[in-house]
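Student: I am new to this structure. Please take me through one part of it closely, then show me how to read a few other places.

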Amino acid sequence: MKAVAPKVLVITAILIGANAVALSTYRSSASSAELRREGSVATGNSLVEIDRVIAGLERQIKRSPTSSSLDLLARMQLSRGRITGDAASYARAQAAIIRSLSIAPKNLEGRTLDAEVRYTNHEFAEARRLSTAIVNEAPGELGALAIQADAERELGDYEAAGKTMRRLVDVAGTAPSVIVRDARLSFLTGNSARAVRLGDLAEQRAELSGLLGATLSFYPSFRGQLAFDTGSYNEAIKHFTRALRIVPGDRVASLGLARSLAATGKENAAVTLVEELTNRYPDPVALAFLGDLRTKVGDRRGANDAYALVEAVAALSASNRQVYDRELSLFYANHGSNVAEALRLARAEAVVRKDVYAHDTLAWAEYKSGNIGDAASGIRKALSLNTPDARIHFHAGMIFSKAGSPAEAKSHLQKALQLSPQFDVLAADVARTELIRLGGES
């Protein structure tokens, strides 16, 4: 969902923060609530069905509100947000769960869902606090344990996240949502081969588990992002296409497919796909990517139109800004449109969120602001886990080049292009140009 993306997959399906340039299917995990649902049929196979269920629930709640109906409404709003990228759906989910807890404040299901909604809304510290309290009270509450692991990871406490993950694997290691979390942590800590193996296993288990809709489509989307980030673009196309057969029009799968098509030289097909997507779901991540695609094919006027909409859409609500801050910081830094705001957003996030991508985003904003010493210090933190993400290595190469360390710069630029030769529709060409300037082979 880096802007990547995010902005994006969220906990259950995919949140914004997109892996690398928009919303990463990696930078989130399968839903904690899914741990309690696996093996059963999940409600909501399409956006039309989800909206129908939401409308019915709202009518029922208006007549006779109950904590269980409000919990279900919150779940459906989460599913809606994961398909559309509409941060307002997450805000509505939070409003529903707050009302549910006012009716039944000790309800374990509602409290766990509250932690999940907080996580989805990027309130990671609060999600960790709430989930940890539940786990201390009820150690067998696997949903809360999953949220705890997710929040610890997003906060950059990888040691704690690893310990929590081991507990999850011990008690529910065959669940697809646990396997995919393990894959995610493996990628972050430098083991992409293990991540791919686990991603394959998670996708296979999910297909056999009876899951439906966005909960199921998460798995091929996650696997598609792994394929993209390891440079296997045709394989990525297959996985994202499979996800779109499960949920036609799914936002994250559509973005992933468009990125993969562009990486194989099919930029015009990617433009058409993203134009259709933004007509339905005009979120900042998709609009920024559309602008980059149009730039790539030489449509400068169309690119400027898309870029102009990015901030306008993000500013429509406070919830948009909260969910998309990382992506907005990267957008401003990448395009030089508002470097001061890019730095402000990145610094604010780094206060509370210290994962490798927070360090990377801040380092890039510092670099674009001319603060090269701070940028170099920050990018070393982003590189500390050896995460095999081409975008981090691209940023490192550009920063070290400016910092007067050409050998390091060449090494990281070569690494970026080795990992994923077309990792970004615009930045990959920048990496090649800089590498040639430094005397390296592109």
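Student: Over which residues does pLDDT stay under 50, and how many contacts beyond four places in sequence does the model have for them?

Tutor: This is a predicted model, so confidence comes first. The stretch you ask about is residues 1-44, where pLDDT stays under 50. For residues 1-44 the model has 275 contacts beyond four places in sequence. Be careful with such contacts. Where pLDDT is low, the predicted coordinates should not be read in detail. Now set that stretch against the protein as a whole. The average pLDDT of the protein is 87. A score of at least 70 is reached by 88% of the residues.

Next, a pair of helices. Helix α3 covers residues 67-84, and helix α5 covers residues 108-120. Their axes come within 10 Å and cross at roughly 25°. Angles under 35 degrees count as roughly parallel, so α3 is roughly parallel to α5. The crossing of α3 and α5 is left-handed. On the α3 side, the residues that meet α5 are Asp71, Ala74, Arg75, Leu78 and Arg82. On the α5 side, they are Glu109, Gly110, Leu113, Glu116, Val117 and Thr120. By class, this contact has four nonpolar, two polar and five charged residues.

Move along to the loop between α5 and α6, where histidine 122 is found. Its phi is near 70°, a positive value in a residue other than glycine. Histidine 122 counts as buried because its relative accessibility is 16%, and the limit for buried is under 20%.

Compare asparagine 386, in the loop between α20 and α21. Phi of asparagine 386 is near 60°, also positive in a residue other than glycine. Asparagine 386 is exposed, however, with a relative accessible area of 58%.

Aspartate 292 sits in helix α15, residues 284-296. At 8% relative accessibility, aspartate 292 is buried. Beyond its neighbours within four places in sequence, aspartate 292 is in contact with Tyr307, His335, Val425 and Leu426. Aspartate 292 and glycine 302 are ten residues apart in sequence, and their C-alpha atoms are 9.9 Å apart.

Leucine 413 belongs to helix α22, residues 406-419. Its relative accessibility is 0%, so leucine 413 counts as buried. Leucine 413 and alanine 390 are 23 residues apart in sequence, yet 8.5 Å apart from C-alpha to C-alpha.

Notes: Residues are numbered from 1 along each chain as its sequence is written. This is a predicted model: local features need pLDDT of at least 70, side-chain atom pairs count only at pLDDT 80 or more; totals for chains, interfaces and linings use all residues. Side-chain values use heavy atoms; hydrogens and water are left out. Axes are lines fitted to C-alpha atoms, for helices over the stretch in contact, and angles run from 0 to 180 degrees between N-to-C directions. Helices (H or I, at least four residues) and strands (E, at least two) are DSSP runs, numbered from the N terminus. Angles under 35 degrees count as roughly parallel, over 145 as roughly antiparallel, 65 to 115 as roughly perpendicular and the rest as oblique. A crossing is left-handed if the near helix is turned anticlockwise from the far one by less than a right angle, and right-handed if clockwise. Contact means heavy atoms within 4.5 Å. Ala, Val, Leu, Ile, Met, Phe, Trp, Tyr, Cys and Pro count as nonpolar, Asp, Glu, Lys and Arg as charged, and the others, Gly among them, as polar. Buried means under 20% relative accessible area, exposed over 50%, partly exposed in between (1.4 Å probe, protein chains only). pLDDT is the predictor's confidence in each residue, from 0 to 100.
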